[in-house]
Amino acid sequence: MSHAEESGTPRGEDGGMSRVEPGGRADLRYAAYARERLAGMPPPADPEGFELAYNLLQLAYLLVTDLETRIHRPRGWTLPGFRLMFKLWILGPTQPARLAEISAMSRSAVTNVVNTLERDALVERRPVPGDRRAVVVALSGKGEAAVRETFAEQTRREQEWFSPLDPREQADLSGLLARILTARPADTP
């Protein structure tokens with residue numbers, strides 16, 4: 001028996017997952033209503049595209065809000081601040097321009113986040129040997145300890161969020177999202 005069958009998630013006639021019933025969730029009831037309305041409209045109305053984008057955006061908004069509220073704001077951080085520290089934990093000292101590139105943030109946004117984290121002694125700027133103008137950003141000892149602790153807490157919360165999906169479904173969803181990110185329009189960051 002699959003995870004979906006165990007959890008009571010209905011399957012469509014083709015064996016695929018059918019749409020989840022919105023139940024008492026106002027946001028999901030709205031999405032179902034909007035999709036139904038769009039289905040009766042002429043092109044370019046795209047009910048499937050709307051539903052996909054709506055669900056993805058709603059999930060992203062709720063996930064970010066939840067992680068910031070439960071984990072990051074109590075520490076005086078934002079999720080972008082944690083993401084930047086996490087990247088430094090994984091990559092080691094990194095130039096701000098590279099942090100901006102891999103974070104889909106502007107250089108000025110990275111500078112603002114680094115300034116805040118540096119003020120709180122979580123990161124430090126270090127000169128690049130041989131290039132007097134260049135600097136890298138690195139975690140401080142305090143920052144590394146904070147990232148390790150927070151990473152464990154965030155991982156537990158992410159596991160709660162994604163627990164309705166079995167490991168194979170999680171891998172499939174991750175692969176599909178990566179495919180969309182890879183093929184995104186050329187004029188996006």
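These questions and answers walk through a predicted model of one protein.

In this predicted model, local features need pLDDT of at least 70 and side-chain atom pairs count only at pLDDT 80 or more, while totals for chains, interfaces and linings use all residues. Residues are numbered from 1 along each chain as its sequence is written, and side-chain values use heavy atoms, with hydrogens and water left out.

Q: How many helices and strands does the protein have?
A: Helices (H or I, at least four residues) and strands (E, at least two) are DSSP runs, numbered from the N terminus. The elements run α-α-α-α-α-α-β-β-α-α from that end. The protein has eight helices and two strands.

Q: What share of the residues in the protein is buried?
A: Buried means under 20% relative accessible area, exposed means over 50%, and partly exposed lies in between (1.4 Å probe, protein chains only). The protein has 189 residues, and the buried share of them is 25%.

Q: What distance does helix H3 reach from its first C-alpha to its last?
A: H3 covers residues 47-72, which is 26 residues. The expected span is 1.5 Å times one less than the number of residues.

Q: Is His72 buried or exposed?
A: His72 sits in helix H3. Leaving out residues up to four places away in sequence, His72 touches Leu67, Trp77, Thr78, Leu79, Phe82, Thr150 and Gln154. Its relative accessible area is 0%, so His72 is buried.

Q: Which residues does Tyr30 contact, leaving aside neighbours within four places in sequence?
A: Tyr30 lies in helix H2. With a relative accessible area of 46%, Tyr30 is partly exposed. Its contacts are Phe50 and Tyr54.

Q: Is Pro74 buried or exposed?
A: Pro74 lies in the loop between H3 and H4. Not counting residues up to four places away in sequence, Pro74 touches Glu68 and Thr69. The relative accessibility of Pro74 is 58%, so this residue counts as exposed.

Q: How are H4 and H6 placed, roughly parallel or roughly perpendicular?
A: Axes are lines fitted to C-alpha atoms, for helices over the stretch in contact, and angles run from 0 to 180 degrees between N-to-C directions. Angles under 35 degrees count as roughly parallel, over 145 as roughly antiparallel, 65 to 115 as roughly perpendicular and the rest as oblique. The axes of H4 and H6 (residues 107-119) come within 10 Å and cross at roughly 85 degrees. H4 and H6 are therefore roughly perpendicular.

Q: Which residues of H6 meet H4?
A: H4 brings Pro80, Gly81, Leu84 and Met85 to this contact. From H6 come Val110, Val113, Val114 and Leu117.

Q: Is the pair of Phe82 and Phe86 stacked or tilted?
A: Rings of Phe, Tyr and Trp (its six-membered ring) pair if their centres lie within 6.5 Å; planes under 30 degrees apart are stacked, over 60 edge-to-face and the rest tilted. The structure holds seven aromatic pairs. The rings of Phe82 and Phe86 have centres 6.1 Å apart and planes at 40 degrees, so this pair is tilted.

Definitions and conventions: Contact = heavy atoms within 4.5 Å.
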